Amino acid sequence: QQSGPQTAAALAERLELSPAAIRRHLDALVATGVLAEVEAKPSVRRPRGRGRPARVYALTDAGRSRFGHAYDDLAATALRYLRNEGGEQALVAFAEHRAAGLADSIRGRLADAPADSTDQQAAVVAEVLTEAGYLADIAPVGQGTQICQHHCPVAHVAAEFPELCEAETRALAAALGTNVQRLATIAHGDGVCTTHVPRPPAVQVKNVKSVKSVQNKNTSTDSTAPNSTGG
């Protein structure tokens, strides 16, 4: 990374390996997406000569991601500055703006999900969250469904700025058109972010009526059954 794109010959000389050995390593790194073989750009120090252009190996975005970054520190510093300069209102406005994009993505996909199926709507939300890096799935529980996010790409920043989690919860509620409850968050030390989505009241009443109907039917059957012990 310090020297920029390098030829196989230059790397072999620098690492004191044979060109054949270094090419085997380079081929493996190219296959895994860490490096890419590109055409060398001519420069004043290295003008293009005759013949076939030299090929060099350069880091891909995936390769660069293996090195340390300070994105979390940068984001936290920016949010601290925003709060100091604009107050809590400015921080909340930023969190709401960020969450609004997530809500819009969810709304655009919910059109294909049945409005009376909490499980299917929650499944759509989980798909959108997974695409955004949250690695989410669902688990039907009692009178509702839980959306479980097994990863949070902003967990370190959200630990200091819970406004991000709060805005995200409100965005989920707005997109689904119902009140949701955040039960746990990775930012606060839990193993997973869990959000409970209740079933609509009409569906809950329907389920209760169905259960009572079955119970009444069973009771009626028992009361009219002949007495097998009678003389």
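How are α4 and α5 oriented to each other? Let's find out through a set of close-up views of this predicted model.

**View 1. Helices α4 and α5 meet at an angle.**
The axes of α4 and α5 lie 9 Å apart, and the two helices pack at an angle of about 135°. They are therefore oblique to each other. The crossing in which α4 passes α5 is right-handed. On the α4 side, look for Leu102, Ser105, Ile106, Arg109 and Leu110. From α5 come Gln121, Val124, Val125, Glu127, Val128, Leu129 and Glu131. Sorted by class, this contact has seven nonpolar, two polar and three charged residues.

**View 2. The whole protein, before we zoom in again.**
Take a moment to get your bearings. The protein has eight helices and six strands. Starting from the N terminus, the order of elements is α-α-β-β-α-α-α-β-β-α-α-β-β-α. Of the 231 residues, 30% are buried. Now consider contacts between residues at least 6 apart in sequence: 47% of these join residues at least 24 apart.

**View 3. Helices α1 and α2 cross.**
Here α1 covers residues 8–15 and α2 covers residues 19–31. Their axes come within 9 Å and cross at roughly 110°. That angle makes α1 roughly perpendicular to α2. The crossing of this pair is right-handed. Ala8, Leu11, Ala12 and Leu15 of α1 make the contact with Pro19, Ile22, Arg23 and Leu26 of α2. By class, there are seven nonpolar residues, no polar ones and one charged residue in this contact. An α-helix has 3.6 residues a turn, so residues three or four places apart point the same way.

**View 4. Helix α7 is mostly covered.**
Helix α7 runs over residues 163–176, which gives it 14 residues. From its first C-alpha to its last it reaches 20 Å, close to the 20 Å expected at 1.5 Å a residue. How many of the 14 residues of α7 are buried? The count is eleven. Among them are Leu164, Cys165, Ala167, Leu172 and Leu176, and Glu163, Glu168 and Thr169 also belong to the buried group. The buried residues pack against the helices α4 (71–110), α5 (118–131) and α6 (155–160). They also pack against the strands β4 (144–149), β5 (181–184) and β6 (193–198). Just after α7 comes Gly177, with a positive phi of about 70°.

Thr118 lies in helix α5. This residue is buried, with a relative accessible area of 8%. Along the chain, Thr118 and Arg199 are 81 residues apart, yet their C-alpha atoms are separated by 5.7 Å. Setting aside neighbours within four places in sequence, Thr118 is in contact with Thr145, Val197, Pro198, Arg199 and Pro200.

**View 5. His196 in strand β6.**
Our last stop is His196, which lies in strand β6. Is His196 buried or exposed? Its relative accessible area is 19%, so His196 is buried, since that label applies under 20%. Not counting residues up to four places away in sequence, His196 touches Val141, Gln143, Gly144, Thr145, Gln146, Val180, Gln181 and Leu183.

How values were computed. Residues numbered from 1 in each chain as written. Predicted model: local features only at pLDDT ≥ 70, side-chain atom pairs only at ≥ 80, totals over all residues. Heavy atoms only, no water. Axes fitted to C-alpha atoms, helices over the stretch in contact; angles between N-to-C directions. Helix = DSSP H or I, 4+ residues; strand = E, 2+ residues; numbered from the N terminus. Parallel < 35°, antiparallel > 145°, perpendicular 65-115°, else oblique. Left-handed = near helix turned anticlockwise from the far one by under 90°. Contact = heavy atoms within 4.5 Å. Nonpolar A, V, L, I, M, F, W, Y, C, P; charged D, E, K, R; others polar. Expected span 1.5 Å × (residues − 1). Buried < 20%, exposed > 50% of the residue type's maximum accessible area, 1.4 Å probe, protein only.
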